[in-house]
Amino acid sequence: MTASFSAIDHALMARALRLAEQGAYTTKPNPMVGCVLAHGEEVVGEGWHQRAGEPHAEVLALRAAGDRARGATAYVTLEPCAHTGRTGPCSEALIEAGVGRVIAAMRDPFPQVDGAGFARLQAAGIEVASGLMEAQARTLNRGFLSRIERGRPWLRVKLATSLDGRSALASGESKWISGPASRLDVQRWRARCGAIVTGAGTVLADDPELTVRLGDDTPFVAPLRVVLDPGLATIARGRVRGGEAPTLYLHAPDAKLPRGFAAEHAAVPVREGLMDLEAVLKLLAARGVNEIQLEAGATLAGAFLAGGWVDEVLLYMAPVLLGERARPLFDGLGIEAMADKRKLELVDVRQLGGDMRVLLRPKP
């Protein structure tokens, strides 16, 4: 189904990808999808999936196009679905509308689709091609693809650091290393994730809310707040349970639940005194979490990194110094020689107010 694609094809798929990205805060756990219907260069309809359970991008684009959908080319960022869930199959909607051609950025690995959408379109005599701007489409939906293909969410570690590489004072105090522009940017990253994960140490030291505060009317689906607390030592800290966002405590199997403890909780295996982080990730994937934002101290951040679970690091660097007694970004990596150093790839750098934001991904 691969084909040679024209400049017009590239331009219209780029438009579909931009549309898809508008669902970053609201489509979870579904993937972000955009669709453009066109006759040559003329766009006759477009749409993007806005919220799980509501019409998909193809259906909205078809509604906008009306009768002009007949014979059009549909540019869609993900293979049209072939199953009935909370909405009907988009492949059938495209067939009924009489589109002449479907160009998809990529195949959908979701087991109930995974080529079936393409097969249904081709059986109806519609020309199908895929692979156009696939790398960009995969980056857009890296969380959804991680959950479906790897069985675990995409894990991003958010850290604020001083120029001397410190994340908190020796006492654990970390408010505020970064400036207001960085803190607002963190809210946008929170809004796109399915879960914000923290550890008992952070809750005891900071009593955080871990909610999304965008400061405007931008719609979002509140991420799940997850506290890794083997012994349930943090339950007296109530801010993480405040507001409308859901909260989940993950604890050791032998933890004693206080009488009347009403918060949602689940037991996770403990190995050698540490929570089984792989089990944590699988549990959250089973709940439909595509992306995790880890906002924790050096111990938990280091444990996830040492275990090979970190997919990217979101680092806010402030022009301050905290001194040699302050805490590092990651603890417990066990690096003794330069040959053991952890390598990261620089993905993006930008200035936010007086801070620098650096996005990195670990190299294999």
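The model is predicted. Its salt bridges number 24, and it holds one aromatic pair. The count of disulfides is zero.

**Salt bridges**

- Arg357 forms a salt bridge with Asp185, with 3.0 Å between the closest N and O atoms. This pair links distant parts of the chain, since Arg357 belongs to strand β18 (residues 355–362) and Asp185 to helix α7, 172 residues apart.
- Both partners are shielded from solvent by the criterion used: Arg357 is buried at a relative accessible area of 7%, and Asp185 is buried at 7% relative accessibility.
- Arg357 also forms a salt bridge with Asp348, the closest N and O atoms being 3.1 Å apart. Asp348 counts as partly exposed because its relative accessibility is 22%, and the buried class requires a value under 20%.
- Glu312 forms a salt bridge with Arg361, and the closest N and O atoms are 3.0 Å apart. Glu312 lies in strand β15 (residues 312–317) and Arg361 in strand β18, so this pair ties together parts that are 49 residues apart in sequence.
- Glu312 is buried, with a relative accessible area of 0%.

- Ser182 is located in helix α7, which spans residues 180–192. With a relative accessible area of 0%, Ser182 is buried.
- Beyond its neighbours within four places in sequence, Ser182 is in contact with Tyr316, Leu352 and Asp355.
- Trp189 lies in helix α7 as well, and it counts as buried at 11% relative accessibility.
- Residues up to four places away in sequence aside, Trp189 touches Arg142, Arg156, Gln293, Glu312, Leu314, Tyr316, Arg357 and Leu359.
- The C-alpha atoms of Trp189 and Ala3 are 35 Å apart in space, and the two residues are 186 residues apart in sequence.

**Aromatic pair**

- Tyr249 and Phe261 form the aromatic pair, which is edge-to-face, with 5.5 Å centre to centre and 70° between the planes. The edge-to-face label applies because the angle between the planes is over 60 degrees.
- Tyr249 lies in strand β10 (residues 247–251), whereas Phe261 lies in the loop between β10 and β11 (264–267), 12 residues apart.
- Tyr249 is buried with a relative accessible area of 0%. Phe261 counts as buried at 19% relative accessibility, because the cut-off for that class is under 20%.

- Cys90 is in no disulfide: the nearest cysteine sulfur, that of Cys81, is 3.7 Å away, whereas a disulfide requires the sulfur atoms to be within 2.5 Å.
- Cys90 is buried at 1% relative accessibility, and Cys193 is buried with a relative accessible area of 0%.

**Nonpolar surface patch**

- Leu346, Val349 and Met356 make a nonpolar surface patch of about 250 Å².
- Val349 lies in strand β17 (residues 344–352) and is partly exposed, with a relative accessible area of 40%.

Definitions and conventions
Residues numbered from 1 in each chain as written. Predicted model: local features only at pLDDT ≥ 70, side-chain atom pairs only at ≥ 80, totals over all residues. Heavy atoms only, no water. Helix = DSSP H or I, 4+ residues; strand = E, 2+ residues; numbered from the N terminus. Buried < 20%, exposed > 50% of the residue type's maximum accessible area, 1.4 Å probe, protein only. Contact = heavy atoms within 4.5 Å. Patch = residues over 30% accessible without salt bridge, like charges linked within 9 Å, V, L, I, M, F, W, Y side chains within 5 Å. Areas by Shrake-Rupley, 256 points an atom, 1.4 Å probe, with all protein chains shown as cover. Salt bridge = Lys/Arg side-chain N within 4 Å of Asp/Glu carboxyl O. Phe/Tyr/Trp six-rings, centres within 6.5 Å; stacked < 30°, edge-to-face > 60°.
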